[in-house]
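Hi,

Here is the structure I promised to pass on. My notes follow below it.

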Amino acid sequence: MRRYSANAEVFNAGGPPNSDITAAVLKAFTSACQAPTPSQVLIPKGDFKLGEIAMTGPCKSPIEFTLQGNVKADGGSTQGKDRWVVFEKINGFKLNGGGTFDGEGNAAWKANNCHKTFECKKLPISVRFDFVDNAEIKDITSLDAKNFHFNVISGKNMTFDNIKIIAPAESPNTDGIHLGRCEGVKIINTKIATGDDCISVGDGMKNLLIEKVVCGPGHGISVGSLGRYGWEQDVTDIRVMNCTLEGTDNGLRIKTWPSAACTTTAAGIRFEDIILNNVSNPILIDQEYCPWNQCNKNKPSTIKLVDITFRNIRGTSGNKDAVKLLCSKGHPCENVEIGDINLEYKGADGPPTFECTNVTPKLVGTQNPKACIGPVVKVPGKE
């Protein structure tokens, strides 16, 4: 494999630490992309500055991008820019090396009001993957992103393995990994501590596996929000398994807009074998999701939720509302299965509650808190 050293001209020439390697990285990537055989771009150990950069294919052969060092973004607020690092239109891609993308988000968070209003100047996403297929992102850290840490759009057959995402709980809009319109993505063996959703699943997602993820602090693992825009696509086959959530503001959540701009379906969503430790709103279907009152709650959501499963969810709730299934009166949830839920709550305001609206869940095994009334399925060997 040919190797392209992204900072050879600066680093090997004895350049000072914290030098700007933007031009060197782009030059190395361009050379690698045009190589007729698989190639590698290398950023060695050390601290470097990296400006806004887009690495765009298609490339003639697969590329391995090895980040061993730490690259740092501009520490200013950089409002109005929507990206920092972009990988796009690449088929056959690896990103690895144990290094860090440091978004230097502290100043930007203070200027960011996008968590309060839609009328705001966007901040740059740390790392974007647009139309990247057959990819493995492994052993990479994202630190203090100004906006989303990773944004993944229109990719196929991608694996995120052993990713570390770190930002303070109070950092706004810092979703860990946001995905949309992808197929065949796996997120495994990953730890996310951030100020917004650990993982957020947008429209058009198909065949997503989230497994062995530790989330917290943050806003939990969310499917949605769905229905805000008229061009959205169906969501199918989402599996969240063997994960742990700790101290998050929400747990396992599906959220859709009332007065939605489209009529789509989210189907085959399964949460299974999940541990929740002091998690507020541990299990939540919210089809009245309406931040900042930017919608008409009198118009029920037109997003259809079908074949939804919560199975073997256990731990402690941070508030009384342990389970809330708030489905649309226009399109009541269909085939929602609740199986073996055990969520404790010790607050002074009473025992945990289980609320249902516009849904009759199918109950499997035992439920704590006691479930809202629905057809009970007896499981052999269980009371």
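Predicted model: local features only at pLDDT ≥ 70, side-chain atom pairs only at ≥ 80, totals over all residues.

Where does Thr 244 lie? Thr 244 is in strand E19, residues 235–246. Strands (E, at least two residues) are DSSP runs, as are helices (H or I, at least four), numbered from the N terminus.

Residues are numbered from 1 along each chain as its sequence is written, and side-chain values use heavy atoms, with hydrogens and water left out.

**Buried positions**

Thr 244 counts as buried because its relative accessibility is 19%. The cut-offs are under 20% relative accessible area for buried, over 50% for exposed, and partly exposed in between (1.4 Å probe, protein chains only). Leaving aside neighbours within four places in sequence, Thr 244 contacts Val 213, Val 214, Cys 215, Ile 275 and Asn 277. Contact means heavy atoms within 4.5 Å.

Ile 254 sits in strand E20 (252–256). Ile 254 is buried, at 0%. Not counting residues up to four places away in sequence, its contacts include Val 223, Phe 271 and Leu 305. Its C-alpha is 9.8 Å from that of Leu 326, 72 residues apart along the chain.

**Backbone points**

- Gly 216 to Pro 217 is a cis peptide bond, omega about 0°. Pro 217 is in the loop between strands E17 and E18.
- Asn 368 to Pro 369 is cis, omega near 10°.
- Lys 89, in strand E7, has a positive phi near 55°. Lys 89 is partly exposed, at 47%.
- Asn 134, in strand E9, has a positive phi of about 55°.

Best wishes
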